[in-house]
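Hi everyone, thanks for making time this morning. I'd like to walk you through one structure, so please have a look at it with me.

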Amino acid sequence: MTGDFGMKILSFLISIVMVFTTALVPAGNVAEQENMSVTSAFLNEETEEVITLIVSNIVNETKTGTSESQEIIDAINNLPVYNSPEEKPERKEADVSPIKKAVCDAAKKLINSALPEGTIRNFLNHVTNGMYDLYVYLMPLQGEENIYYICCDYVDNNNNTNVVFTGIRYDKETGKLYGKDNNGLMGIGFDYDAKNYTITTPQNVWMRDMGYSILYDIVGGMGFMDTDTVRVKFEHGGKHWMFQFWKGNYGFGRLNGVELGIYNKTDKNAFSYNCATDEEMLDMSITLKNGEETLIEREEMRHWWMCGFRFGPGLDPKDLAMESTIQFEDEAMMNAFLEAAEEYSDEMEVTVDDMNVSVIWK
């Protein structure tokens, strides 16, 4: 889990937010929460309705494990679509005190002097502009069918309208929100499947450069994660390989998840592994089940760290079953994997069809 390190950070932060949010919002059918609101002075009324619906659905999913994903999809699909900024409605004026303007200006100067140019500084600059009447909308991505940018604009302290291109892309057909260059939403390393409430990982995430260390699992097991793992280790092609499987709950029991990662190292005694390169990636798929219920399902794709995480009450890893497939391209490598996997024959059922290996781990 290179990703493991990143996921532990993400799940920790998400869980803190969700613990407090779910403590304040009663569980139940979304329709019964009509008076729930995420009202904020800076939100446009139309945008507030959409965000309220999305938050209430995710809270229900987190607390009960069930919700209406189609309502989220419909809410996003119903966002206004503009081909150019000139088409948007007039913004409301903000009434800002001179003291607040002065504080924001001072904060902006401090941020620009202390932080290097980049995403974080740009974000904080928008915040210190003063944000009012925030309005979220879609803008078509030229040359791509059914793909839209999620954009927004807001009125600042000086009543100027600022346009923010988030870089988040939305596929109306699949319900997936993702970042450019396969590096996750806004470069954080994770994408979101709104239709299935599932957090996923693309291939080119920042965690890939960090490799894998058992310390990541140790840190995660120190209170806020409860996962089972299997490490299938073998030698092939002059490298020491490890295929690692995970299943369990993440972040104080607010996310259930499943992972399959491919790692290797040339020095057997090296403490850390490298993540598989583009040339070493394999076609894989994963599914997580709780009894007969399918919680997470990721279709086959070429990857080095395939995973899925879904909001919901924490489940015991021993009650979860992970089903995965790995399409090997080298018969010798496949045979080395199969021989090493025999160590876990009591808990993993492995079958082979030509060069495709299926693993059921309960």
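Of the 362 residues in the protein chain, 49% count as buried, meaning under 20% relative accessible area with a 1.4 Å probe and protein chains only; over 50% is exposed, and in between is partly exposed. Keep in mind that this is a predicted model, where local features need pLDDT of at least 70, side-chain atom pairs count only at pLDDT 80 or more, and totals for chains, interfaces and linings use all residues. Residues are numbered from 1 along each chain as its sequence is written, and side-chain values use heavy atoms, with hydrogens and water left out.

The chain exposes about 18100 Å², and carbon and sulfur atoms supply 51% of that (Shrake-Rupley, 1.4 Å probe, with only the protein chains shown as cover for residues). As for contacts, that is, heavy atoms within 4.5 Å, residues 24 or more positions apart account for 58% of those with a separation of 6 or more.

Now the secondary structure: there are seven helices and 16 strands, taken as DSSP runs numbered from the N terminus (helices are H or I with at least four residues, strands E with at least two).

Five strands form an open sheet in the order 12-11-14-16-15, with antiparallel pairing; two strands pair if DSSP finds at least two bridges between them. Strand 12 (293-303) and strand 15 (348-353) are the edges, each pairing on one side only. From one strand to the next, the twist averages 10 degrees.

Helix 7, residues 331-341, packs on this sheet and touches strands 14, 15 and 16, its direction making about 155 degrees with that of strand 15. Angles here run from 0 to 180 degrees between N-to-C directions, and axes are lines fitted to C-alpha atoms, for helices over the stretch in contact.

Within the sheet, strand 11 (residues 282-290) pairs with strand 12 over eight bridges, and methionine 284 has methionine 301 as its bridge partner. These two strands make a hairpin with two residues between them, and glycine 291 in the turn has a positive phi of about 65 degrees.

And how do helix 4 and helix 5 pack? Helix 4 (98-114) and helix 5 (119-129) meet at about 170 degrees, with their axes 9 Å apart. They are therefore roughly antiparallel, the word for angles over 145 degrees. Among the residues making the contact are Cys104 and Ile111 of helix 4 and Leu124 of helix 5.

How values were computed:
Parallel < 35°, antiparallel > 145°, perpendicular 65-115°, else oblique.
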